[in-house]
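Morning, everyone. I have one model to go through, so let me put it on the screen.

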Amino acid sequence: MSTLSTVKVENLHKTYGSGQVQTKALQGITVSVDKGEFVAIVGTSGSGKSTLLHILGGIDSPTEGKVYIDGTEISDLKGNDLIKFRREKIGYIFQDFNLVPILTVKENICLPAGLAGKKIDKVYYKQIINALELNEKEHVYPNELSGGQQQRVAIARALINKPEIILADEPTGNLDKTNSNNVIKLLKKINKDYGQTIILITHDQNVASEADRILQIEDGRLADEHNAY
Amino acid sequence: MSITHIEKTIANRRIRKNRTKSILRGLIISAAVMLFTAISIFCVESEIELSKLGTSSLADIAYVLLAFLIVVILTAGVSVKSIYEVLLVNDMIEFRRLKLIGATSDQLKHIVGRERRTIFWSYAVIGAALSVVISLFFPISKNIPAIILCAVASLVVIDIVVIGCTGKIVKRVMNVSISDDLANIQAPKKKRKSDVRGLTRNPVAFLGKRYLFSGGKRTILTLFSLTLSFMLSFVIFSVIASFDEDKLAKSEYKHDSDFIVALQGNHGNDDEWMKNSPFTPELEEKIRNINGVEDIIKFKCLDVVFENDKDTHTISSGDVNVSASSDDGVVPIIINEGAYWYQNGSLKFKEGDRIEAEVNDGKKVTLLVEGFVNSPYDLNIYYTSEENWGELTSLTCDQKWYIKADDKISGDSVKELKGLIEPKENLSISSLSEYTAQLKDVFAKVRVAIYIVCIIVCLFTLINMYDLTVNNMEKRKKDIGIYRALGMSDRQVSILNYIEIGFLIILSGIGGIVIGTPLGRAICKIMADTMRSEYLVYVFPLRFLIVYIVALILIVLIMRRYIRAYVTNVQIVENIYG
């Protein structure tokens with residue numbers, strides 16, 4: 001295993017259902033991502049890219065294979081150990097934002113820190129909301145925001161605990177072109193400024209082309225790998 | 001427009017898909033119909049019996065049960081509504097899809113309606129049938145047409161309640177728009193400033209509180225239903241517990257007596273029986289000679305007509321402190337100013353007043369008011385001592401003999417005493433120990449009946465709470481997934497789900513006790529005053545409270561199991577993407 005690898009996946013399999021109605025979502029994926037790398041995973045709908053991201057994030061478990069994050073095999077972690085590991089190391093950005101509707105923007109952003117029992121780093125918080133242009137929206141509820149604004153809140157929430165890895169599941173999937181470009185620019189800036197590893201799922205080649213490396217998944221297998229630039 | 005085959009198929013498939021919830025819904029409906037039918041049968045049959053007997057004791061119970069009916073409707077309604085709500089809200093996406101492929105609002109209404117009817121009639125009929133069987137064991141004369149009528153009426157009433165409770169949700173289904181946002185929790189309408197300090201100090205308590213206050217009307221309705229059902233059971237238990245059977249029995253057995261020998265039937269102050277009274281000196285002597293008999297206290301009554309108002313009044317003999325009557329025929333009396341009819345009558349006297357009166361054998365006497373006593377639980381007004389009785393009349397006016405016995409009176413002596421009285425047609429004998437046992441038996445039966453009703457009402461409350469937990473988990477499935485993805489531990493997920501329900505339980509319990517205690521006291525006082533009884537003294541229903549708390553602990557344990565199973569078995573990704 002490379003010392004630079006933050007994420008390493010070995011022979012990953014995921015099967016849904018059993019018997020005759022089995023669906024093989026992942027079929028032996030092996031890949032590694034280096035620290036500070038910005039990787040885009042592309043593939044058609046149902047190719048298994050979201051499943052791969054969920055397993056990397058520890059919110060789903062593999063049927064077979066191993067996932068190492070920062071040298072720790074996460075499939076070995078159970079219960080609260082996995083939860084603690086996940087909240088320290090991983091920030092998650094969902095396609096449909098998944099903001100909590102009963103919390104304001106500020107509360108949504110600070111939620112991971114609250115759950116981790118951490119104090120809010122006010123300077124860092126200010127930096128994030130300034131960078132994401134959310135200063136004016138701190139005390140509003142998610143339903144009062146546009147799609148682009150909601151995605152920016154989701155990004156801020158993923159950043160608040162300063163995780164080493166950010167996993168983004170089609171972060172531009174529900175956004176128009178302008179907002180998509182803004183979100184990608186922002187992720188690149190975060191990657192550059194804070195040195196966080198970013199793994200992003202997309203089916204948009206323009207978005208993928210902004211990444212350092214593109215991984216192509218087809219039918220649960222890694223089909224192709226190339227540098228975007 | 002009648003329901004089509006495809007609408008029926010979709011409705012039936014939905015019932016099968018949501019099997020657990022359908023069963024829960026059916027059980028609530030069945031229990032509601034059963035309770036409603038049983039109580040209404042009891043009420044109607046007791047009313048029919050009342051009209052024959054002309055007594056009011058059953059009517060009081062019937063009114064209490066009617067109050068229960070309202071609570072049953074409310075709690076059952078809230079339960080059914082909440083289950084429907086979560087089912088339909090979670091299935092909005094399904095209805096949206098149906099609309100997308102061309103289903104009309106009316107067709108969606110048919111599907112939901114068919115689903116409701118299928119579950120209702122499958123379970124409601126069982127509930128009605130069970131209650132009809134139960135009603136056959138009621139200690140009232142059976143009235144078959146009344147039973148059938150009550151069962152049918154209850155089915156109709158509960159069906160209307162279910163339709164009423166689900167009407168708004170069905171409208172939501174009908175009005176579902178294809179482009180509607182999928183979120184099923186509405187954001188709070190009220191603007192508030194972000195509270196990050198609260199969130200970081202205790203994120204679980206913070207979120208629990210937020211959910212509670214974002215619940216709006218539903219939270220208020222659940223709280224109201226929980227408080228009302230708890231309070232009602234609490235008050236009824238306190239009233240039932242407040243009856244002191246020993247005191248009630250002793251209130252009849254005056255002068256600390258153990259036996260009462262009384263005239264059979266209603267003789268009033270009829271001259272004829274006074275002339276041939278069964279209370280003879282020979283009988284008195286024989287009773288006094290029985291081993292263990294300590295004393296006989298005679299209760300006498302005599303009708304007199306006061307000259308100043310020409311009304312008939314009754315003078316009784318009693319253990320009162322009055323002077324002996326004088327030679328000129330003046331009989332000193334004591335007035336019980338606490339007696340209901342003295343307080344509410346027009347005649348008022350003061351010490352030293354002389355009342356000219358005529359006794360029912362025609363003798364003229366002068367009554368001298370020598371003093372007053374205040375005994376509100378006694379209905380008799382005018383008293384004189386037994387020693388003065390000879391001055392009032394030569395007739396034997398004995399109505400009752402109170403017999404005092406020592407503690408060691410043997411069974412043979414009791415048999416001997418009964419043997420003296422029972423053969424006499426116009427006399428009856430009753431004993432304190434038997435009367436107390438009978439009363440205790442009657443009260444035990446009434447208590448069991450009320451306990452059963454209360455337990456069923458509590459059961460509704462508990463189902464409601466369990467249902468609320470399950471619904472919350474379902475409704476907040478996605479939120480829980482987000483929390484778990486963001487680092488909320490399984491324990492925190494469990495606690496989050498306890499907070500809202502815990503708050504509702506504690507608040508409804510406190511509310512029930514705070515309102516129920518003075519209400520119970522007030523009801524006991526009103527009943528004691530109305531019945532002029534001293535055997536009804538408020539008792540805090542500690543036993544009920546313990547049973548209720550035990551039931552709550554049980555439901556919390558069940559909920560814990562459910563939440564744990566949910567957290568263990570459901571992957572975060574399932575939570576979020578469902």
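How many of the 229 residues of chain A count as buried? The figure is 50%, where buried is defined as 20 or more other C-beta atoms within 10 Å of the residue's own, with C-beta atoms placed from the backbone.

Some ground rules. This is a predicted model, with local features needing pLDDT of at least 70 and side-chain atom pairs counting only at pLDDT 80 or more, while totals for chains, interfaces and linings use all residues. Residues are numbered from 1 along each chain as its sequence is written, and chains are lettered from A, ligands numbered from 1, in the order in which they are written.

Chain A has 7 helices and 10 strands, taken as DSSP runs numbered from the N terminus (helices H or I, at least four residues; strands E, at least two).

Setting aside neighbours within four places in sequence, the contacts of A:Ile199 include A:Val7, A:Val33, A:Ile41 and A:Leu167; contact means C-beta atoms, placed from the backbone, within 7 Å.

Finally, the interface: 27 residues of chain B are in contact with 31 of chain A. On the chain B side, α7 (196–201), α8 (203–214), α17 (477–485) and α20 (572–577) each supply at least two residues.

How values were computed
Two residues are in contact if their C-beta atoms, placed from the backbone, lie within 7 Å. A residue is buried if 20 or more other C-beta atoms lie within 10 Å of its own, exposed if 12 or fewer, and partly exposed in between; C-beta atoms are placed from the backbone.
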